[in-house]
Amino acid sequence: MEENLAIVALVGDKMRDHVGVSGQMFAALGENGVNIKAIAQGSSERNITVVIEERHLRKSLNVLHESFFLSEKKRINLFLVGIGNVGGTLIQQIAKQKEYLRENEHVDLRIVGLANSKKMYFDEEGIDLAKWKDLLMGSDLTMENTAFIKSIEEMNLRNSVFVDNTASADIAALYNGVLRKNISVVTPNKIACASSYDNYQELKNTAREYKSKFLYETNVGAGLPVITTLNDLIKSGDKVKKIEAVLSGSLNFIFNNFKSGVKFVDIVKQAGEQGYTEPDPKIDLSGVDVMRKILILIRECGVEAELSDIKSESFIPEDCMNTKNNEAFYAKLEEHEAHFQALVKKAEDKGARLKVVATYDNGQASVGLKEITKEHPLYILEGSDNIVLFNTNRYDDQPLVIKGAGAGAAVTAMGIFADIMRIANS
């Protein structure tokens, strides 16, 4: 005998005249993690009845109502971790577009959970986005990763989406368990997709098995449609032969502004002050961030590769990278100023510009500082823009080029927002 169950009946006089009603019902429930214990359909075909766990009753009613009454708003429940520069901007964008989406897209976006490194706050009816900072600050709930995920599970809301705006490996380690609860994941955090190939593949398989979504467009190129475009190429039968890309907005900013007579360390500091680099600039200058991005792209091409397979040619002296804090790092950069001046003078003498380029060609991937001459498409890249060149079977003579702002809170938040809307419209 099983207890704590509920019966849900879908009743309609004309259901027998419409093919696929039962399939639509079962799909809507399944996509939200509602397990059906038993099914019955009368001979009149006016009634489809299912037995479910009682804890899923309210969610099931809401899901079915949204699925069969198209005039209703589809509610998407968002749980955000990481509300710094990017996360805060995303909240602003959602607040600004909320009414537009309700009226024009029939989507009701509600942020029902928020967390930073210290506190977390929940409101099942939707957090007041005009007061979210005060509400979070006044919360008596201490942020703890597993507790945050447990709260999402206990709230058991339909169409739940977990949004990770951090760069935390600990948060990325939670994705698999979240996806298994039929909760979708959206993230700019590259750590999961650039971890071991087995973990990357498991996340994609888990999302497929549990009918949740795992979207990470902003892993490469911030708000640029790089991964979406690449997936469209692959799905339509094209094959990527070569990738050339400038994938770091911070490094592009640095080398676009670094010229003979200008101190390299001053440009690095300026990039940090303008928010282009991570708080620890060594993360950007080491090239690891770019290595992760090219790894993700070649994996999306179907190549089984690890981060250790990416050849990296560092342009930063080793003793600079071995420093313990930013002050020591800047001091070491200044000590090696002659090294950086030699690099830029050599490029200028050839009429070239310095760019940190990620390349995939003939099955080999590499990241390194290159001298780019005027005839190359990468030469004209300005500011903190990113550019990706895909040479494929279809784009053979001339590459497919994706170019635009590749750094900044506004464009990154926009890319996350777009992934959320893909889930809302699916």
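## The largest pocket

Sorted by class, the lining has 12 nonpolar, 19 polar and 6 charged residues. Asp, Glu, Lys and Arg count as charged, Ala, Val, Leu, Ile, Met, Phe, Trp, Tyr, Cys and Pro as nonpolar, and the others, Gly among them, as polar. At least two lining residues come from each of α3 (85-105), α10 (249-257), α12 (282-285), α13 (288-300) and α17 (409-424).

## About the model

This is a predicted model, so local features need pLDDT of at least 70 and side-chain atom pairs pLDDT 80 or more, while totals for chains, interfaces and linings use all residues. Residues are numbered from 1 along each chain as its sequence is written, and side-chain values use heavy atoms, leaving out hydrogens and water.

## A sheet of three strands

Now for an open sheet: its 3 strands come in the order β1-β3-β2, with antiparallel pairing. (Strands are DSSP runs of E, at least two residues; helices are runs of H or I, at least four. Two strands pair if DSSP finds at least two bridges between them.) At the edges sit β1 (5-11) and β2 (36-41), each pairing on one side only. Between β1 and β3 (residues 47-53) there are 7 bridges, and L10 stands opposite I48 in β3.

## A hairpin and its parallel neighbour

Further along, β13 (residues 353-361) and β14 run antiparallel, joined by 9 bridges, with V357 opposite G368. The two form a hairpin with 2 residues between them, and N362 in the turn has a positive phi of about 55 degrees.

β14 (residues 364-372) also pairs with β12 (residues 311-313), this time in the parallel sense over 3 bridges. In that pairing, S312 has V367 as its bridge partner.
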